[in-house]
Every structure is written in C-alpha cells, then in structure tokens.
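Hi,

Here is the structure I promised to pass on.

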Amino acid sequence: MRNAMIATVALSALAMPAIAQAPVRSERVQFARGTASKVIKASLKGYDMVDYLVGARAGQTMNVRLQTSNASNYFNVIAPGAGDTAMFVGSSAGNSFSGRLPANGDYRIRVYLMRNAARRNEVANYTLTVSVQALAATAAQVMPAATGPALTPGNMPAYCRGEVSGQYGTRPTYVKTGAIARAPGGFFIDGTIDKGSEGIKRFRCRFDAQRRFVDVMAMTPDGE
C-alpha cells in the first residue's frame, strides 16, 4: 500500500508545471497596424517560462492557440491582478483558449514546460497565435443622451471627423469615415484614424434617431 502511494505521488509530480528556477521573462504583445492578432514563433528550454502580456478590456474575447514540437509544452492565461492563479490551465484544458475577458488590464499568457520535461532540460519550439476581438456596439447597448445638434445626413460624417480628431488629438485629415448606417435607436458611422507609430485605430460615431451626435466609441482591441 505504501509503495502504491509513493508511486502515485511520483506520477502526479511529473504532471505538474515546471517551477521557475529564474525570473519569468515577460514580453509585450504588440499588434501590427490595422490588425488584432499576432503570430509569435519562439522556443524555450528546461525551466524557462515566458509571460506574453496582452492589454485588453472587460467584455472583449481573446483567442490563443499553441502549436508546439513538445507534448509537454502548454500555456496558462492569467487575469489582471490574479497573481499566479490562472483562469485557464493548458495542461488540463488543452492548447486552445477562447474566452470573454472579465476585467480591464494586462492578461498574461504564460508558456512553459511541464516538470517532467523541464527536469530533462527539453526544448520546445512553438508558435503562439493571439487575437483579441474589439468590443462592438450591440442592440442591447443603451444609447446615452445626445450632446450635439440635429444634423443633416450630409453633415454627419464631417461632424464625426471633427469629434474624433478632438478626442484623439490629431487633425481631421487623418480621420477616415465610412457610410452612415442604421442602429437600434439611431445611426452610426464607422471609421479609422491614423495615429502614426501607434497604428490605425478604429472608432464608431453614434447618433440618436434625430441624428444628434451621441459619442465616439473606440473599436480597437487596446480600447483607444
């Protein structure tokens, strides 16, 4: 009986994530201009661990997929302020995650080797694909009170560009607007703004049923 218990404990230890022998390395995930996804190709060895930091907002959906050369290579997802307590554990849930995020802040995607592989100083060559879907206006959202005058359809795009340029601190010429579309309780105009080194930001100008300006919604994953 005692030998059986010892064997069970030993097998359990092999299935545990590696305990870091050095500080966990962190890398910020930056999405390329005009995109909301990134493919990362890298490798780790032994007790190495990497935290990929992804800034996101509550309500957004994050998707993560790991393809690896080592069957003992997994990732966890850790929410902002959660310490080392994971909201997703790859070793038990698999190497694919898709979930609605519960809070604003930096999410950590921690890539690691299980202890059995780390002790043998094994190497994992992996591809990590990360995407964050922007918050979209939905029919369930309550339209806030309008702040502007009633506009004609011809004036709505220009008014939108002026409001966006003021909010983002740039010139209206860097703001591009699309067509006017209907929404529950009013209208909206989607567009983009070129923020230079910060990339292309997507936005939505909202108007009520009387075509009065309501607000500008950020539509990019970083919330800006």
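Before the rest, some housekeeping. This is a predicted model, so local features need pLDDT of at least 70 and side-chain atom pairs count only at pLDDT 80 or more, while totals for chains, interfaces and linings use all residues. Residues are numbered from 1 along each chain as its sequence is written, and side-chain values use heavy atoms, with hydrogens and water left out.

Back to Gln60. You'll find Gln60 in the loop between strand S3 (50-56) and strand S4 (61-68); helices (H or I, at least four residues) and strands (E, at least two) are DSSP runs numbered from the N terminus. A polar atom of the Gln60 side chain lies 2.7 Å from the backbone nitrogen of Arg57, and the side chain also reaches the backbone oxygen of Gln133 at 3.4 Å.

Next, the cores. A nonpolar core here is a set of buried Ala, Val, Leu, Ile, Met, Phe, Trp, Tyr and Cys residues joined through side-chain atoms within 4.5 Å. The largest one has 27 residues, and Tyr52, Met62, Val64, Phe75, Ile109, Tyr126 and Leu128 have the most contacts inside it. Strand S9 (123-133) is among the elements that give two or more residues to this core, and S9 gives the most, with five. There is also a second, separate core of 15 residues, including Val164, Ile189, Ile193 and Ala218.

Then there's helix H4 (residues 156-168). Its 13 residues reach 18 Å from first C-alpha to last, close to the 18 Å expected at 1.5 Å a residue (the expected span is 1.5 Å times one less than the number of residues). Met156, Pro157, Cys160, Val164, Ser165 and Tyr168 are buried in H4. Seen down the axis, these buried residues fall within an arc of 165°, so they line one face of the helix (the arc is that of the directions from the helix axis to the C-beta atoms). They pack against strands S10 (175-183), S11 (186-194), S12 (200-208) and S13 (213-218). Cys160, at 0% relative accessibility, is in contact (heavy atoms within 4.5 Å) with Thr177, Ile189, Phe203, Cys205 and Phe207, leaving aside neighbours within four places in sequence. After H4 comes Gly169, with a positive phi near 70°.

Cheers

Key
Buried < 20%, exposed > 50% of the residue type's maximum accessible area, 1.4 Å probe, protein only. Polar contact = N/O pair within 3.5 Å; in protein donor to acceptor, adjacent residues only side chain to side chain.
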